[in-house]
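This briefing concerns a predicted model. The points below are grouped by topic.

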Amino acid sequence: MREIDDLKVIKGIGPGIEAKLNKAGIFSFRQISELTEESIERVSSVIEFFPGRIARDRWVEQASKLYLDKIRK
């Protein structure tokens, strides 16, 4: 079963970017929390038009916290 989170909870991700992430196979906080520099470059090319946004908005840190909060429940 695929883990699906509301990625729009992460600052900097709106409905359009969430749809692009989903199309790229990214559906969960866990997946975003595990992004590496290399995968961030790939994801940046998928979301287009927003160079540096993932680092600037600290998606990995936000997703890590959200994922930890979720599994602690």
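Does Ser-33 count as buried or exposed, and at what relative accessibility? Ser-33 counts as buried because its relative accessibility is 18%, and the cut-off for burial is under 20%.

**Surroundings of Ser-33**
- Ser-33 belongs to helix H2, which spans residues 29-33.
- Its side chain reaches the backbone oxygen of Arg-30 at 2.7 Å.
- Leaving aside residues up to four places away in sequence, Ser-33 touches Val-60, Ala-63 and Ser-64.

- In helix H3 (residues 37-47), the buried residues are Ser-39, Val-43, Ser-44 and Ile-47.
- Viewed down the axis of H3, these buried residues fall within an arc of 145°, so they line one face of the helix.
- An α-helix has 3.6 residues a turn, so residues three or four places apart point the same way.
- Glu-37, Glu-38, Glu-41, Arg-42 and Ser-45 are exposed on the other side of H3.
- The cover over the buried residues of H3 includes helix H1 (15-23), helix H4 (53-56) and helix H5 (59-72).
- Glu-48 follows H3 and has a positive phi, near 55°.

**Packing of H1 against H3**
- The axes of H1 and H3 lie 9 Å apart, and the two helices pack at an angle of about 120°.
- H1 and H3 are therefore oblique to each other.
- The crossing of H1 past H3 is right-handed.
- Ile-17, Lys-20 and Leu-21 of H1 make this contact with Val-43, Val-46 and Ile-47 of H3.

Terms used: Residues are numbered from 1 along each chain as its sequence is written. This is a predicted model: local features need pLDDT of at least 70, side-chain atom pairs count only at pLDDT 80 or more; totals for chains, interfaces and linings use all residues. Side-chain values use heavy atoms; hydrogens and water are left out. Helices (H or I, at least four residues) and strands (E, at least two) are DSSP runs, numbered from the N terminus. Buried means under 20% relative accessible area, exposed over 50%, partly exposed in between (1.4 Å probe, protein chains only). A polar contact is a pair of N or O atoms within 3.5 Å; within protein, one must be able to donate a hydrogen and the other to accept it, and residues adjacent in sequence count only if both atoms are side-chain atoms. Contact means heavy atoms within 4.5 Å. The arc is that of the directions from the helix axis to the C-beta atoms. Axes are lines fitted to C-alpha atoms, for helices over the stretch in contact, and angles run from 0 to 180 degrees between N-to-C directions. Angles under 35 degrees count as roughly parallel, over 145 as roughly antiparallel, 65 to 115 as roughly perpendicular and the rest as oblique. A crossing is left-handed if the near helix is turned anticlockwise from the far one by less than a right angle, and right-handed if clockwise.
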